[in-house]
Amino acid sequence: MLSNALSVYTDLKAPSTLVKLRKELKSVSGVYAFRHNQSDSVYIGSSINLASRAVNRIKNINSNIYLQNAICKHGLYNFSFFVLELLPENFTCYVDLLDLEQKYLDLFVYLFFCSCNRLLWNTTA
């Protein structure tokens with residue numbers, strides 16, 4: 001899923017990364033993910049303004065408590081930011097954005113359970 005990301009940002013502590021995020025994602029809506037690089041744990045979200053949301057998450061401003069706890073525990077340098085999909089221009093409703101986010105949440109859950117089933121299958125064979 002993350003291998004098909006439109007954009008990937010690493011080194012989230014670097015000021016140049018924040019500048020790049022602001023420039024490339026200004027006024028762009030879509031679905032994003034933060035990934036913990038060591039465990040491959042993923043937080044998926046969506047925003048009408050990806051640049052603002054990414055920078056706010058990175059700076060711990062109005063952020064999701066679970067994501068911030070993980071960042072505090074493991075350090076921001078252990079995370080990457082992915083742009084998964086942009087909201088098409090013909091979609092103008094917030095509900096459309098939430099539907100797009102739900103598609104990725106469902107896909108992630110499906111992939112997680114498939115990998116668990118394979119793991120269980122391999123250990124019992």
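Me: Is Ile48 buried, exposed or partly exposed, and how is that decided?
Reply: The label rests on relative accessible area: buried means under 20%, exposed means over 50%, and partly exposed is what lies in between, with a 1.4 Å probe and protein chains only. Ile48 has a relative accessible area of 46%, so Ile48 is partly exposed. Ile48 sits in the loop between strand 3 (42-47) and helix 2 (50-58), where helices (H or I, at least four residues) and strands (E, at least two) are DSSP runs numbered from the N terminus.

Me: Which residues form a nonpolar patch on the surface?
Reply: A patch is made of residues with over 30% relative accessible area and no salt bridge, with like charges joined within 9 Å and nonpolar side chains (Val, Leu, Ile, Met, Phe, Trp, Tyr) within 5 Å. Here Ile48, Tyr94 and Leu98 form such a patch, with about 290 Å² of accessible area together; accessible areas come from the Shrake-Rupley method with a 1.4 Å probe, and for residues only the protein chains shown count as cover.

Me: What should I keep in mind about the model itself?
Reply: This is a predicted model, in which local features need pLDDT of at least 70 and side-chain atom pairs count only at pLDDT 80 or more, while totals for chains, interfaces and linings use all residues. Residues are numbered from 1 along each chain as its sequence is written, and side-chain values use heavy atoms, leaving out hydrogens and water.

Me: How many salt bridges are there, and which side chains meet?
Reply: A salt bridge is a side-chain nitrogen of Lys or Arg within 4 Å of a carboxyl oxygen of Asp or Glu. By this rule the count is one salt bridge, in which the side chains of Lys103 and Glu85 meet at 2.8 Å, N to O. Because Lys103 lies in helix 4 (residues 94-124) and Glu85 in strand 4 (residues 79-86), the pair ties together parts that are 18 residues apart in sequence. Lys103 is partly exposed, at 41% relative accessibility.

Me: What about Glu101, which has no salt bridge?
Reply: For charges, Lys and Arg count as positive and Asp and Glu as negative, while His and the chain ends are not counted. Glu101 is found in helix 4 and is buried, and the nearest side chain of opposite charge, Arg53, is 7.0 Å away. Not counting residues up to four places away in sequence, Glu101 touches Val31, Ile44, Gly45 and Ser46, contact being heavy atoms within 4.5 Å.

Me: Where should I look for a nonpolar core?
Reply: In soluble globular proteins, nonpolar side chains tend to be buried together. A nonpolar core is a set of buried Ala, Val, Leu, Ile, Met, Phe, Trp, Tyr and Cys residues joined through side-chain atoms within 4.5 Å. The largest one has 20 residues, and those with the most contacts inside it include Tyr9, Phe34 and Phe81. Helix 2 gives the most to this core, with five residues. Apart from it lies another core of 11 residues, among them Ile44, Leu84, Leu100 and Tyr104.

Me: What does Leu67 touch, apart from its neighbours within four places in sequence?
Reply: Leu67, found in helix 3, is in contact with Phe34, Tyr43 and Arg57 once those neighbours are left aside. Leu67 is buried, with a relative accessible area of 4%.
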